[in-house]
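Hello,

I am handing over the structure we spoke about, and the notes on what was found follow below it. Please read them with the model open.

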Amino acid sequence: MAEVMSEPIVLGIESTCDETAAAVVEGGKLLSNVVASSMDEHARYGGVIPELASRAHAEAFVPVISQALADAGLDLSQVDAIAVSAGPGLAGCLAVGVSGAKALAYAAGKPLYGINHVIGHIAVTQLQFGPFPPDTLALIVSGGHTSLLHVRDVARQVDVVGTTLDDAAGECFDKIARLLGFPYPGGPHIDRHAQKGDPHALKVPQGLTQGRSAAKHPYDFSFSGVKTAVARWLEEQDSLGRPIPVDDVCASLADSVATVLARKAIEGCKRYDSQILIVGGGFSANSQLRGKLQEFGQTAGIEIRIPRFELCTDNGAMVAMLGSNLVSAGLPPSPEDFSIDSSMPMDQIYMA
């Protein structure tokens, strides 16, 4: 067993999609957090182009890490360990980050941890709320993932309670946003319009919440039917020459998705006797979801921990914080020849 450090200094590197990010964490304190996004380059294509994203990571890698170290007032020799997202994510993007991190670790003689990007979204809440107790539940909602996880020990054991069976919540929003003519990314536009609309104007289905499907999948998620129902309604209005009530469409969609996410997450907390629900991922910035979770949580007596906006989206702080958890737990670094895993399972915390 490796020697346990109480307050390790960890450099975290993130490159799973369209953000190149780096951060330095000392124990549970954030010393720096730098993000370079290539989102504007992808906007005209209506989604992330992996080749463009990989090229942007290669260009931004050294400047972002240099800035993160400078902001923290440190040089690489003062870092105790390096952590990097090894999956899940876009293969080319992951390869840039992991290759660069391996080169840094080798050159500086530092231990390297290839971590699970999604579990990082759980770990990052500690920077704002402090350590969380054992047997905590976590709801991860992003463009590609909707998962309910049982966190027994963030460094050693995370179990899958529920997952998405088709479209993730973020994917559903992006596809409807495209039909409404919103630019990429569509989620923030739906959020803004939803705040002005009637959430009960349209009858939007709530997947896996009734009958046999609900009994079989009590904590799983399905948003494909939601997307299809709203898309067909929009097509029908268009064929009849009726104007689209954009605010009402957005409000009804957002209310349906937020209600399902909040209800299933709170029911999961009751099932596992958890008094705390951690929420992470880019979609957790959605105002309707935040409001619905707080509403359901207050009724059930469950504390909802949603990080501030800059810690919701992909960032280096979440990678560094999970790395800090692993180092503090005395866990060994990843093997030198570890590879990326673009579909890393949710219950794998790091490349051990």
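**Notes on the model**

Leaving aside neighbours within four places in sequence, D191 is in contact with A285, N286, S287 and Q288. Please keep in mind that this is a predicted model. D191 sits in helix α7, which covers residues 187–194. With a relative accessible area of 10%, D191 is buried, because the cut-off for that class is under 20%.

The UniProt entry, which is unreviewed, lists I140, V141, S142, G143, G144, D174, G187, D191 and N286 under "binding site". From this set, S142, G143, G144, D174, G187, D191 and N286 are part of the lining of the largest pocket.

Another listed residue, D174, belongs to helix α6 (residues 169–179). Is D174 buried or partly exposed? Its relative accessibility is 23%, so D174 counts as partly exposed. Not counting residues up to four places away in sequence, D174 touches Y184, P185, G186 and G187.

**The five-stranded sheet**

Five strands make up an open sheet with mixed pairing, in the order β3-β2-β1-β4-β5. The edges are β3 (29–37) and β5 (112–116); each has a single partner strand, so one side of each has no neighbour in the sheet. On average, neighbouring strands here are turned by 20° against each other, direction ignored.

The pairing of β4 (residues 81–87) with β5 is parallel and runs over five bridges. Within this pair, A83 is opposite Y113 of β5.

Helix α2 (residues 50–72) packs on it and touches β1 (9–14), β2 (19–26) and β3, with its direction at about 25° to that of β2. Helix α3 (residues 91–108) lies across β1, β4 and β5 and runs at about 160° to β4.

Strand β7 (residues 146–153) is largely enclosed by the rest of the structure, because six of its eight residues are buried. Strand β6 (residues 136–141) pairs with β7 in the antiparallel sense over six bridges, and the two form a hairpin with four residues between them. T136 has V151 in β7 as its bridge partner.

β7 also pairs with β8 (residues 157–163), again antiparallel and over six bridges. The hairpin joining β7 to β8 goes through three residues. Here the bridge partner of H150 is D159 in β8.

Regards

Notes:
Residues numbered from 1 in each chain as written. Predicted model: local features only at pLDDT ≥ 70, side-chain atom pairs only at ≥ 80, totals over all residues. Heavy atoms only, no water. UniProt positions renumbered as here; feature names shortened; annotations may be inferred. 1 Å grid on protein atoms, 1.4 Å probe; cavity = no way out; pocket = protein on both sides within 12 Å on 5 of 7 lines; lining within 4 Å. Buried < 20%, exposed > 50% of the residue type's maximum accessible area, 1.4 Å probe, protein only. Contact = heavy atoms within 4.5 Å. Pairing = 2+ DSSP bridges. Axes fitted to C-alpha atoms, helices over the stretch in contact; angles between N-to-C directions.
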